[in-house]
Amino acid sequence: MATILVVDDYTTSQRLLSFILRQNNHTVVTAMHGLGALEQLEKISVELVITDLRMPEMDGLALLHALRADRRYQNIPVIILTGSAYEQDNARAKAAGATSFLTKPVESEELIAMVNRLLGQSEASEPLSSLLR
């Protein structure tokens, strides 16, 4: 189906997300932080990014800013997935260009439904901004 970049400094979360996505026929590439994600993007083309918000080196918000500032990556859907329940995190992620926002722990069905919706939507002519929650 699609190649998805999962960015999370917590290995257990990375493994769980990778397992769920692979069970749904997606190819998964991982990185431990935003800088690692940018390195991966130089090597491989992805259709979707799922990133944690809080990470060392480069956090998810800084990664999102970098993606939206780079013409090559600015149209890739980005799901911010975090353990933070603060509304201001959601607002900052949306303002930075996040396509969607999920709070951990996320149900696998909810994650897959969102991934499938974003992947289908990213190929259509409707703007990704219409998918913001």
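This is a predicted model: local features need pLDDT of at least 70, side-chain atom pairs count only at pLDDT 80 or more; totals for chains, interfaces and linings use all residues.
Me: Hi! Which residues of α3 do G34, A37, L38 and L41 in α2 meet?
Reply: The α2 side of the contact is made by G34, A37, L38 and L41. By class, this contact of α2 with α3 has six nonpolar, one polar and no charged residues. The partners in α3 are L63, A66 and L67.

Me: How are α2 and α3 oriented to each other: roughly parallel or roughly antiparallel?
Reply: The axes of α2 and α3 are 9 Å apart, and the two helices pack at an angle of about 30 degrees. Angles under 35 degrees count as roughly parallel. That angle therefore makes α2, relative to α3, roughly parallel.

Me: Which residues of α2 are exposed on its other side?
Reply: Let's begin with the buried side of α2, which spans residues 34–43: G34, G36, A37, Q40 and L41 are buried. Those residues cover an arc of only 155 degrees around the axis, so they sit on the same side of α2. In general, residues three or four places apart in an α-helix point the same way, because there are 3.6 residues a turn. On the other side of α2, the exposed residues are E39, E42 and K43.

Me: What covers the buried residues of α2?
Reply: One part of the cover is a helix, α3. Strands take part as well, and the cover includes β1 (3–7) and β2 (27–31).

Me: Is L67 buried or exposed?
Reply: L67 is found in helix α3. Setting aside neighbours within four places in sequence, L67 is in contact with L38, L41, V49, Y73, Q74 and V78. The relative accessibility of L67 is 1%, and under 20% is the cut-off for burial, so L67 counts as buried.

Me: What separates the C-alpha atoms of L67 and L41?
Reply: L67 and L41 are in contact with each other. Along the chain they are 26 residues apart.

Me: How many charged residues does the contact of α3 with α4 have?
Reply: In this contact, L61, L64, H65 and R68 in α3 meet R92, A93 and A96 in α4. By class, the contact of α3 with α4 has four nonpolar and one polar residue, and the number of charged residues is two.

Me: Which exposed residues does the face of α4 turned away from its buried side carry?
Reply: In α4, D89, N90, A93 and A96 are buried. They fall within an arc of 135 degrees seen down the axis, so they line one face of α4. The cover over the buried residues of α4 includes α3, β4 (78–82) and β5 (100–103). On the face turned away from them, the exposed residues are E87 and A95.

Me: Which residue with a positive phi follows α4?
Reply: The phi in question is near 110 degrees. The residue that follows α4 with this positive phi is G97.

Me: What is the relative accessibility of D52?
Reply: D52 has its place in the loop between β3 and α3. Not counting residues up to four places away in sequence, D52 touches V7, D8, D9, G60, L81, T82 and K104. D52 counts as buried because its relative accessibility is 7%.

Me: Finally, in what order do the elements of the protein run from the N terminus on?
Reply: The secondary structure comes to five helices and five strands. Among contacts between residues at least 6 apart in sequence, 61% join residues at least 24 apart, and buried residues make up 49% of the 133 residues. From the N terminus on, the order is β-α-β-α-β-α-β-α-β-α.

Terms used
Residues are numbered from 1 along each chain as its sequence is written. Side-chain values use heavy atoms; hydrogens and water are left out. Contact means heavy atoms within 4.5 Å. Helices (H or I, at least four residues) and strands (E, at least two) are DSSP runs, numbered from the N terminus. Ala, Val, Leu, Ile, Met, Phe, Trp, Tyr, Cys and Pro count as nonpolar, Asp, Glu, Lys and Arg as charged, and the others, Gly among them, as polar. Buried means under 20% relative accessible area, exposed over 50%, partly exposed in between (1.4 Å probe, protein chains only). The arc is that of the directions from the helix axis to the C-beta atoms. Axes are lines fitted to C-alpha atoms, for helices over the stretch in contact, and angles run from 0 to 180 degrees between N-to-C directions. Angles under 35 degrees count as roughly parallel, over 145 as roughly antiparallel, 65 to 115 as roughly perpendicular and the rest as oblique.
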